[in-house]
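User: I have a model open here and would like to talk through how it is put together. Could you take me through it?

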Amino acid sequence: MDAYDTGSGARQGRDEREGRAERERSGPPEREGAGPPDPEGSGPPDPEGSDGPGRPEQPGTPGTPETPEEPGHLREPARPEPSHEPARSEGEGEGGGGVGVGAGPLGEAVEPRTGVAALSPRYQVGAVVALAVVAAAVCAHIGLVFLHVAPSNTLTKQHGAVVDEWIFPEFEQNWKLFAPNPLQQNVSVQVRAEVSEADGSLRTTGWYDLSAEDGRAIDGNPLPSHTQQNELRRAWDFFVASHDSDNRPVGLRGTLSETYLRRIAALRLDRAEAAGPGGVVERVQYRSRSTNVEPPSWSGEKVSDRATYRELPWWPASTREKEGEAA
């Protein structure tokens, strides 16, 4: 009788799969009944001369129920034992040095906090307050600029002084870009100074072409600053619009435009070191040089190529204006 007969359907002491694995490792015994001892110690040998461990018990043996084994395709697959290891963070390898997403109280992944959420509560409050102040300032500026360029209405009539005080002179707006007859002249703004030397003598500098300085700073610069493009041009337009042909101011805005030009002159002359060692700038004078833009050749239009000048009176330059403050 074959002790490893699988077709009888009888229980063979151990699991069929375990028995097959054992046979594949050790091979079949040389003779029946002389197999290796049971490594699991399933029990003492049969005292009545059985063929050794693994031999099926005879039917009717007391204490051994005769239960036929189920075929392999009807057995219930073994369920994996639940693991009690703590959940690892994403990116944590065997070395334990990875830093990634952590685990929450129930084992779910928790994304790391970034941006404002990563700050402490005190700094979060500070960031919110700073953003609110910046947003309020931007909204107030946009609102005042809108009231300045908008047609006359109830708000501008009641609060026109507040709007003008905020807009002029740095934020003035106009509609010359959309005028039916835009400017057709090149206007160059120049300035010179009267300098008091250390020995008490006075000397007058040459003309400094401020427009040419701004043009050289803009030429080839992909991101020129707003001051290089518009500060001097807007200051001169502001002066011309608030003065008559005799260079006399018209209203309070005329005085403000003069102060603005003197401030620009003091800053530009100090940057160019016009006073020299030991010298002091006492007075400044502006002039403009205007030339017509040459028309295209196909138009047939003829314009004068002569330059016209407009000289302003001498203005005193104080120490406060050198520092950029209004006189």
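Predicted model: local features only at pLDDT ≥ 70, side-chain atom pairs only at ≥ 80, totals over all residues.

User: Let's go to α2 then. What is its span from end to end?

Analyst: Helix α2 covers residues 121-149, and its 29 residues reach 42 Å from the first C-alpha to the last, close to the 42 Å expected at 1.5 Å a residue.

User: Which residues of α2 are buried, and what do they pack against?

Analyst: Leu144, Val145, Leu147 and His148 are buried in α2, and the buried residues of this helix pack against α3.

User: How do you describe a packing like that?

Analyst: Two packed helices are described by the angle between their axes and by the distance between those axes. For α2 and α3, the latter being residues 154-167, the angle is about 115° and the axes are 9 Å apart, and α2 passes α3 in a left-handed crossing.

User: Which side chains are we talking about, and of what classes?

Analyst: On the α2 side the residues are His141, Leu144, Val145, Leu147 and His148, and they meet Leu155, Thr156, Val163, Asp164, Trp166 and Ile167 of α3. Sorted by class, this contact has seven nonpolar, three polar and one charged residues.

User: Switching topic: where do the axes of α5 and α6 sit relative to each other?

Analyst: The axes of α5 (residues 226-241) and α6 come within 9 Å and cross at roughly 150°, and that crossing is left-handed. From α5 the contact uses Glu231, Leu232, Ala235, Trp236, Phe238 and Phe239, while α6 brings Arg253, Leu256, Ser257, Glu258, Tyr260, Leu261, Ile264 and Arg268. By class, the contact of α5 with α6 has nine nonpolar, one polar and four charged residues.

User: Why does the length of α6 agree with what a helix should span?

Analyst: The length agrees because the 20 residues of α6 should span 28 Å at 1.5 Å a residue, and its end C-alpha atoms are 29 Å apart.

User: You listed Ser257 there. Is Ser257 buried or exposed?

Analyst: Ser257, which sits in α6 (residues 252-271), is buried, because its relative accessible area is 1%, under the 20% cut-off. Leaving aside neighbours within four places in sequence, Ser257 is in contact with Phe238, Phe239, Ser242 and His243. As for Phe238, it is 19 residues from Ser257 in sequence, and their C-alpha atoms are 6.2 Å apart in space.

User: And Arg268, what does that side chain do for contacts?

Analyst: The side chain of Arg268 is joined to that of Asp214 by a polar contact of 3.3 Å. Arg268 is also found in α6, and it counts as buried because its relative accessibility is 7%. Apart from residues up to four places away in sequence, Arg268 touches Leu210, Glu213, Asp214, Glu231 and Leu232.

User: Which residues have a positive phi without being glycine?

Analyst: Asn247 is one of them, with phi near 65°, and Glu273 is another, with phi of about 55°. Asn247 lies in the loop between α5 and α6, whereas Glu273 follows α6, in the loop between α6 and β6.

User: Are those two buried or exposed?

Analyst: Asn247 counts as buried because its relative accessibility is 14%, whereas Glu273, at 66% relative accessibility, counts as exposed.

Notes. Residues numbered from 1 in each chain as written. Heavy atoms only, no water. Axes fitted to C-alpha atoms, helices over the stretch in contact; angles between N-to-C directions. Helix = DSSP H or I, 4+ residues; strand = E, 2+ residues; numbered from the N terminus. Left-handed = near helix turned anticlockwise from the far one by under 90°. Contact = heavy atoms within 4.5 Å. Nonpolar A, V, L, I, M, F, W, Y, C, P; charged D, E, K, R; others polar. Buried < 20%, exposed > 50% of the residue type's maximum accessible area, 1.4 Å probe, protein only. Expected span 1.5 Å × (residues − 1). Polar contact = N/O pair within 3.5 Å; in protein donor to acceptor, adjacent residues only side chain to side chain.
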